[in-house]
Structure formats: structure tokens, C-alpha cells
Amino acid sequence: QSMSSKFEEFLELSNLVLIVIFTVEVVMNIAGYGVHYYTHDAFNFGDGFIVIFSLIEATWLTRMGLELSTIRVLRVVRVLRGLKIINRIKGLRTMFQATFNSFYILLDFLGLLALFIFVMALLGKGLFGGRFTVANGFSDLPRRNYENVGQAMFSVFQVIT
């Protein structure tokens with residue numbers, strides 16, 4: 001479905017207004033923090049990078065008739081700016097550190113689970129592989145089968161979930 005021309009114009013105008021707002025924000029940050037601090041903070045550097053490419057897209061590339069949607073996707077990265085608050089609130093920082101530390105334990109568990117699924121798939125392939133034939137009463141191959149290791153692993157995964 002295509003959008004109406006009025007809605008497309010509204011989105012383009014909103015895009016330009018937001019680019020102006022973000023450009024003013026970058027200029028104010030550089031004026032307030034100084035160039036040295038601004039360029040050495042990863043979040044600020046990322047913001048500046050995205051704003052510069054947004055300005056390039058809005059002026060130069062649009063006039064040339066080029067549409068680079070990959071540059072527009074970079075703006076989504078600005079959402080990560082909210083993560084700055086994690087460094088400022090001690091309780092929130094502790095909670096995130098505990099969550100990230102638990103990922104290592106989760107990775108160990110997922111490794112053992114994958115090994116279990118693989119072993120059970122090999123066992124299932126040995127027991128049931130080649131048995132879903134017309135001679136055994138099957139008109140066609142069932143959707144979940146044990147004919148290859150990939151299908152067998154998927155079948156085991158469905159059984160355990």
C-alpha cells in the first residue's frame with residue numbers, strides 16, 4: 001500500500017524539524033562541553049555522527065535524487081542514548097551488571113541444551129531414520145521426521161518444548 005502524498009509531506013517535514021532540533025542539540029553540547037570532551041564521549045560522538053549524516057541526507061543526497069535508507073536506519077541508534085542513565089543511577093547500574101553477569105551462566109545452559117538436543121537427534125535418526133516410507137504405511141514424508149540431523153534436531157526441540 002502506498003501512503004498519501006499529504007502524509008508523505010508531513011513525514012518529510014517532521015524529519016526536517018527533528019534534524020534541526022538534533023543539530024541544535026549537538027551544537028549546544030559542543031558549546032557546553034567543549035570539542036575535546038564531546039568527541040571523546042562515545043554517546044556524543046555517535047549522536048554527532050548520526051546528525052552529520054542526517055544533514056548530508058537531507059540536503060545533498062536528496063537534491064541528487066538518492067535515497068539511502070541505510071542512513072535513516074542509523075537514526076534508530078539514537079534510542080540507545082537512553083542507556084546513559086544507567087551510569088548515573090547506582091541501583092540501575094547494579095541491576096544491569098547482575099543481568100549481564102547471568103548471561104554467562106545462561107550460555108553454559110544453552111550449550112548443554114544444544115548438546116542434549118544433538119545427541120537425542122542422533123539417537124532418533126538411528127532409531128527412526130528411513131522408517132517413514134510407503135512400505136511402512138506413510139503416504140508421504142511427515143513434516144517432522146528423522147531423515148537428516150537438522151530435521152531430527154528440530155523434531156527433538158519440538159518434543160522438549
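Helix H1 runs from residue 5 to residue 33, which makes 29 residues. From its first C-alpha to its last it reaches 42 Å, close to the 42 Å expected at 1.5 Å a residue. Keep in mind that this is a predicted model.

Which residues of H1 are buried? They are Asn15, Ile19, Val26 and Asn29. Some background on spacing: an α-helix has 3.6 residues a turn, so residues three or four places apart point the same way. Just after H1 comes Gly34, and Gly34 takes a positive phi of about 90°.

Now the chain as a whole. The protein chain has 7 helices and 0 strands, and read along the sequence its pattern is α-α-α-α-α-α-α. There are 161 residues in the protein chain, and buried ones make up 15% of them.

H7 covers residues 149–160, and Ser155 lies in it. Is Ser155 buried or exposed? Its relative accessibility is 6%, and the cut-off for buried is under 20%, so Ser155 counts as buried. What does Ser155 touch, leaving aside its neighbours within four places in sequence? Ser155 is in contact with Arg144, Asn145 and Tyr146.

Definitions and conventions:
Residues are numbered from 1 along each chain as its sequence is written. This is a predicted model: local features need pLDDT of at least 70, side-chain atom pairs count only at pLDDT 80 or more; totals for chains, interfaces and linings use all residues. Side-chain values use heavy atoms; hydrogens and water are left out. Helices (H or I, at least four residues) and strands (E, at least two) are DSSP runs, numbered from the N terminus. Buried means under 20% relative accessible area, exposed over 50%, partly exposed in between (1.4 Å probe, protein chains only). Contact means heavy atoms within 4.5 Å. The expected span of a helix is 1.5 Å times one less than its number of residues.
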